[in-house]
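Please look over the sequence and the model first.

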Amino acid sequence: MKFNELDLDEKVLQGLEAMNFEEMTPVQEKTIPVILEGKDLIACAQTGTGKTAAYILPLLNLLYNESGTSSKVRTLIIAPTRELAQQIDMQFDGFSYFLPISTMVVYGGGDGALWEQQKRSVEMGTDVIIATPGRLIAHLMHSGIDLSGVEYFILDEADRMLDMGFYDDIIQISKQLPEKRQTILFSATMPPKIRKLAKGILHDPAEINIAISKPNEAISQSAYICYEAQKMAIVKELFSQNVASGKIIIFSSYKQKVKDLAHTLKRMKYRTAAMHSDLEQSQREEVMLDFKNGKIDILVATDIVARGIDITDIVLVINYDVPRDPEDYIHRIGRTARASAEGAAITLVSETEQGKFDRIERFLEKEITKVPLSPELGDAPAYRPGFSSGKRNRRSKSGGGDKAQNRSRSRSGGDGRHRRRSRKRSGGQSGQSGPNA
């Protein structure tokens with residue numbers, strides 16, 4: 001279905017044409033008409049499906065065609081991370097090029113002057129605020145900003161926000177909004193806690209479930225079963241073999257690993273940068289811009305960029321360690337194979353991570369190809385996810401008994417490898433980053 005078949009204003013369609021948008025994705029085709037009708041909506045759609053445009057486009061149409069109070073905020077969008085908030089704002093930039101729609105991004109990392117700038121901007125009035133929960137709560141408590149004019153309330157990646165501990169913040173924010181409003185909730189998964197949240201803040205919502213949260217079929221997935229001490233050598237070998245030509249992201253759950261790995265790759269003369277929560281906001285923005293513009297080939301990052309970053313030409317994702325749950329795995333590898341492209345994802349699985357990786361395989365309902373280590377890297381541990389501790393794995397490797405052998409599930413092997421005319425003011429933070437972010 002094409003966008004021009006929808007009841008969208010001509011100026012919105014002009015923005016779409018300028019950005020070469022013609023065909024709708026499934027999530028856009030199903031959600032845009034519902035939002036245009038003014039109904040509350042709860043939608044389950046994973047990242048990379050076009051969900052951001054699915055709510056931006058009807059919002060622009062509604063804001064442009066319905067008069068509002070210029071001195072008050074009309075739309076509030078809540079996102080879990082500053083990176084996603086920035087990405088949403090960038091899409092507003094493009095789609096609203098021919099519209100007099102104003103936006104402001106509210107996230108952390110700024111100084112007192114930016115705090116005051118945010119406060120003044122909200123008081124002057126803006127059509128759209130895109131905010132992280134923590135920073136917005138801080139403004140509600142200390143700036144006295146007025147959200148009584150909000151007509152549209154959007155929660156993007158709601159499951160991620162709840163995982164980060166923002167349930168109470170979201171409830172507190174919703175209580176500052178008018179009861180008569182349109183509320184839209186997007187989530188990649190639909191666990192009971194999302195149902196509970198939706199019941200508390202949505203009114204008789206339409207429900208759309210686009211797809212089970214599974215990786216794009218265009219992503220070639222593989223894994224190396226290894227000891228922790230072998231991981232760096234595997235990465236070095238991959239790059240020496242020119243395993244990928246293009247942008248690469250390496251994910252780790254620990255910022256010290258991110259720093260160490262980025263330092264090592266830089267010494268190997270690779271154009272590498274690190275992304276983690278110790279960087280100032282201006283440094284993060286500079287790194288992402290350099291990565292997007294091709295000045296950096298390899299980005300080593302914590303999960304801070306696993307969601308909400310839309311760079312279409314990432315050809316390889318390496319999980320230096322196994323993510324904590326299947327959803328995080330999906331969001332990490334979902335950075336590649338975007339916009340109909342192909343990509344690859346390689347995961348390094350140590351002895352103690354085998355249980356987590358087994359849960360990912362069971363969630364995906366598929367076995368991920370295990371690539372044998374080259375002889376130069378030494379022997380690898382057997383893949384025995386039933387024995388998650390390294391100590392027990394080593395014992396079974398040296399003959400830990402038939403009982404252990406019978407209980408194990410060895411699956412090693414396989415041969416796969418791997419502008420706006422509107423006003424924009426940004427600022428300051430959500431307290432979302434954990435100790436390892």
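The model is predicted, so local features need pLDDT of at least 70 and side-chain atom pairs count only at pLDDT 80 or more, while totals for chains, interfaces and linings use all residues. Residues are numbered from 1 along each chain as its sequence is written, and side-chain values use heavy atoms, with hydrogens and water left out. Helices (H or I, at least four residues) and strands (E, at least two) are DSSP runs, numbered from the N terminus. An open sheet of 7 strands has parallel pairing, and strand 9, in that sheet, is largely enclosed by the rest of the structure.

**The sheet**

- The strand order in the open sheet is 10-11-9-12-13-8-14; two strands pair if DSSP finds at least two bridges between them.
- Strand 10 (272-275) and strand 14 (369-370) are the edge strands, each pairing on one side only.
- Strand 8 (residues 219-225) pairs with strand 14 in the parallel sense, over 2 bridges.
- Ser222 has Thr369 of strand 14 as its bridge partner.

- Strand 9 (residues 247-251) has 5 of its 5 residues buried, where buried means under 20% relative accessible area, exposed over 50%, and partly exposed in between (1.4 Å probe, protein chains only).
- Both faces of strand 9 are covered, with Lys247, Ile249 and Phe251 buried on one side and Ile248 and Ile250 buried on the other.
- Strand 9 runs parallel to strand 12 (residues 314-319), and 5 bridges join them; Ile250 stands opposite Ile318 of strand 12.
- Strand 9 also runs parallel to strand 11 (residues 298-301), joined by 4 bridges; here Phe251 stands opposite Ala301.

**Helices across the strands**

- Helix 12 (residues 281-292) lies across strand 9, strand 10, strand 11 and strand 12, and runs at about 140° to strand 10. Axes are lines fitted to C-alpha atoms, for helices over the stretch in contact, and angles run from 0 to 180 degrees between N-to-C directions.
- Helix 13 (residues 326-333) lies across strand 8, strand 9, strand 12 and strand 13 (343-349), and its angle to strand 12 is about 150°.

**Helix 10 and helix 11**

- The axes of helix 10 (residues 231-240) and helix 11 (residues 255-267) come within 12 Å and cross at roughly 40°.
- Helix 10 and helix 11 are therefore oblique to each other; angles under 35 degrees count as roughly parallel, over 145 as roughly antiparallel, 65 to 115 as roughly perpendicular and the rest as oblique.
- Met232, Val235, Lys236 and Phe239 of helix 10 meet Leu261, Thr264 and Leu265 of helix 11, contact meaning heavy atoms within 4.5 Å.
- The residues of this contact are 5 nonpolar, 1 polar and 1 charged. Ala, Val, Leu, Ile, Met, Phe, Trp, Tyr, Cys and Pro count as nonpolar, Asp, Glu, Lys and Arg as charged, and the others, Gly among them, as polar.

**Helix 5 and helix 6**

- Helix 5 (residues 112-124) packs against helix 6 (residues 133-142) at an angle of about 75°, with the axes 12 Å apart.
- That angle makes helix 5 roughly perpendicular to helix 6.
- Trp115, Gln118 and Lys119 of helix 5 make the contact with Arg135, Ala138, His139 and His142 of helix 6.
- The residues of the contact divide into 2 nonpolar, 3 polar and 2 charged.

- In helix 8, the buried residues are Asp169, Ile170, Ile171, Ile173 and Ser174.
- Their cover includes strand 2 (75-78), helix 6, strand 5 (152-155), helix 7 and helix 9 (192-201).
- Helix 14 (residues 354-364) has buried residues including Phe357, Ile360 and Leu364.
- Glu365 follows helix 14 and has a positive phi, near 60°.

**Loop residues**

- Phe166 sits in the loop between helix 7 (158-163) and helix 8 (167-174), and is buried, with a relative accessible area of 4%.
- From Phe166 to Pro133 there are 33 residues in sequence and 6.9 Å in space, C-alpha to C-alpha.
- Glu157, in the loop between strand 5 and helix 7, has a positive phi near 55° and is buried, with a relative accessible area of 2%.
- Asp204, in the loop between helix 9 and strand 7 (206-209), has a positive phi of about 45° and is exposed, with a relative accessible area of 59%.
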